[in-house]
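The sequence and structure come first, followed by notes grouped by topic.

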Amino acid sequence: MVQRTLLPAGMADVLPPQADHEAATVRRLMAGFASYGYEAVKPPLMEFEDRLLAGAGAALAPQAFRLMDPISQRMLALRPDVTMQVARIATERLNRRPRPLRLAYAGQVVHVNGTATRSARQVGQVGAELIGVGPPDADAEVIVMAAGVLADLGIGSVTVDLGIPTLVPALLAGESLDPALRRRLRTALDRKDAGEVVGLVRPQLGAGRAALLARLVALAGPAETVLDALMRLDLPPAAASERAALAAVAATARALASALGHPAIQIGIDPVENRGFEYHTGVTFALFAEGVAAELGRGGRYHAGTLGAGEPATGVTLFLDVVLASLPPPAEGPRRVFVPVESGPEMAAQLRRDGWIAIAALAPAADATAEARRLGCSHVALAGAVRPVEPADPLPSHNPTEFLQEGHH
Amino acid sequence: MAETTSIVLALPKGRILGELRPLLDQAGIRPEAAFDDPDSRQLRFRTDDPHLHLIRVRSFDVATFIAFGAADLGVVGSDVLMEFDYPEVYAPVDLNLGRCRMAVAEPAELVAEDDPESWSHVRVATKYPRVTTRHFAERGVQAECIRLSGAIELAPAMGLCQRLVDLVSSGATLKANGLTEVETIAHISARLAVNRTAWKTRPAPVSRWVERFREVTGAAEA
């Protein structure tokens with residue numbers, strides 16, 4: 001038994017063939033975004049802490065690893081998220097480019113802690129940001145593009161859950177609730193515990209406001225069944241305008257989804273959803289697939305740049321680990337052919353031009369067919385012809401084809 | 001959509017299950033016979049609804065099964081929800097079962113001379129280290145938790161620590177062990193809990209079950 005290297009908690013090696021599958025999936029997602037005009041940018045892995053975690057990024061500060069930069073002697077933070085970096089690029093470096101500005105990225109982020117259900121601390125993210133335009137058409141474009149790109153990957157039944165984390169604060173604006181009560185109310189809303197919401201709110205703000213909040217909790221569900229009821233609720237003006245923003249995005253996204261040929265995308269509404277949307281300022285969304293316990297991605301409206309300056313923006317972040325777990329196993333890749341020494345490098349070159357994966361022998365092999373099988377090749381090039389190789393026995397355990405057979409659960 | 005995939009309801013073993021059994025009847029959930037057979041080792045049960053399955057796990061584990069999506073719905077105490085606080089778990093219905101409170105207790109003789117104002121550090125035996133730490137931290141007291149999974153009331157008498165945090169219903173166990181309840185942390189009851197993704201991706205069957213539990217518990221929705 002070999003002593004294996006232990007990696008830090010939440011860090012993992014990705015092996016063949018999963019690493020190839022992951023890279024191919026990133027390429028397909030980025031190609032999907034590119035087809036809508038989203039151009040790739042590549043921000044660095046770390047930045048000065050005070051800059052990366054300023055403004056809207058402050059919400060992510062508890063998740064950021066820090067280290068000291070020996071050159072500047074200032075603190076650096078490893079990025080816990082890429083959206084804020086792209087917003088910085090848009091508002092500071094590409095500020096003279098015409099708006100709307102469409103940018104995309106693919107990269108790794110690291111978090112100080114995993115979550116209870118997802119222990120990974122390094123996660124791949126693929127995302128797109130649409131900067132310089134307000135709602136609702138920009139929101140609809142990003143939402144339907146993200147859901148559509150996932151559907152095109154082969155993930156069936158994508159559900160988009162729309163939220164408006166600014167609605168409840170608008171409803172409670174100007175009310176003097178003590179901070180502890182506000183925290184307990186937030187927990188009760190997050191748990192969709194309508195009874196607890198009523199119990200907390202009624203003594204302070206009266207039965208009317210309590211009933212209204214409980215009603216909002218209950219109005220979570222498919223857009224076609226809850227939106228009408230949500231629109232009929234009697235809300236104060238500030239909250240009503242947040243609701244109008246949500247309804248406008250829902251309607252625009254539904255129309256766009258069916259126009260773009262994605263009628264299977266389900267659109268849901270959740271007016272009190274808040275978790276995971278720390279820096280958002282308008283309509284948000286989370287992407288789900290049936291049978292996958294975690295979100296495939298999330299996004300929404302935020303403010304790009306510093307407060308007072310800056311511009312409206314919306315975007316989406318896809319979580320690569322969850323996306324990969326939701327995908328059907330990859331289609332058969334190019335076939336692998338073993339090219340023994342006697343077939344020569346010219347034959348290998350020709351096969352590669354023809355789309356084969358051609359594995360050249362580095363030393364003469366007594367039995368070319370056996371050697372092809374040992375190396376996990378489906379074919380062998382002998383005497384100018386390509387012949388199939390009988391599949392290897394499942395044993396012995398060091399056979400590299402084992403990885404091919406075991407991949408993708 | 002997706003009416004065909006079945007719903008898994010996780011139920012806790014032990015104390016609450018007895019109280020819960022009539023509620024299942026009222027909700028129209030009729031499990032197979034093995035469910036009520038105390039000698040059965042079975043942990044998964046069919047019901048007369050082919051799209052509803054039951055599993056029986058430890059009460060602390062119900063929240064975990066739901067958080068990971070291994071169960072879609074479950075019955076779980078609000079004490080467990082407070083301890084784990086999984087963002088993937090919703091708790092929409094108070095089932096009004098298993099009512100009790102989570103409390104701080106200490107030996108009766110300590111109460112007389114104890115001044116909570118002067119605490120800076122306490123050692124506490126509990127099943128709920130996270131709730132306990134948070135509770136004491138809110139008033140600036142460092143709590144060193146000794147995590148036990150049962151017989152918490154024994155800890156002070158055996159010199160493990162002086163204080164404990166546990167569930168109290170009648171207070172008889174505390175009294176029998178010479179302990180006095182000094183502070184209530186929260187009122188506890190069993191909740192119907194729901195996996196977030198299940199609710200989002202299969203709204204029809206999930207919300208139907210939520211509504212049914214809401215009706216039979218008479219929980220007013222507003």
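**Nonpolar cores**

Leaving aside residues up to four places away in sequence, A:Leu150 touches A:Leu29, A:Ile155, A:Val158, A:Leu287, A:Leu296, A:Leu318 and A:Val323. The model is predicted.

- The largest nonpolar core holds 81 residues.
- A:Leu150 is among the members that touch the most others, together with A:Phe33, A:Leu162, A:Leu185, A:Ile269, A:Leu287 and A:Val316.
- α7(A) supplies the largest share of this core, 12 residues.
- Another core, of 34 residues, lies apart from the largest one and includes B:Val76, B:Cys100, B:Phe136 and B:Ala193.

**Extent of the interface**

- Contact between the chains involves 28 residues of chain A and 27 residues of chain B.
- About 2,400 Å² is buried between chain A and chain B, and carbon and sulfur atoms give 52% of that area.
- On the chain A side, A:Thr117, A:Arg191 and A:Glu290 lose the most area to chain B, together 27% of what that side buries.

**Polar and charged pairs**

- The rule finds 6 salt bridges across the interface of chain A and chain B.
- A:Glu273 and B:Arg196 form a salt bridge through their side chains, at 3.3 Å from N to O.

**Chain A side of the interface**

- At least two residues each come from β7 (158-163), α6 (179-190), α7 (194-218), β9 (266-270) and β10 (280-289) of chain A.
- α7(A) gives the most to this side, with 6 residues.
- The residues of chain A that touch chain B comprise 12 nonpolar, 3 polar and 13 charged.

Definitions and conventions. Residues numbered from 1 in each chain as written. Chains lettered and ligands numbered in written order. Predicted model: local features only at pLDDT ≥ 70, side-chain atom pairs only at ≥ 80, totals over all residues. Heavy atoms only, no water. Contact = heavy atoms within 4.5 Å. Buried area = accessible area lost by both parts, 1.4 Å probe. Salt bridge = Lys/Arg side-chain N within 4 Å of Asp/Glu carboxyl O. Helix = DSSP H or I, 4+ residues; strand = E, 2+ residues; numbered from the N terminus. Nonpolar A, V, L, I, M, F, W, Y, C, P; charged D, E, K, R; others polar. Core = buried A, V, L, I, M, F, W, Y, C linked by side-chain atoms within 4.5 Å. Buried < 20%, exposed > 50% of the residue type's maximum accessible area, 1.4 Å probe, protein only.
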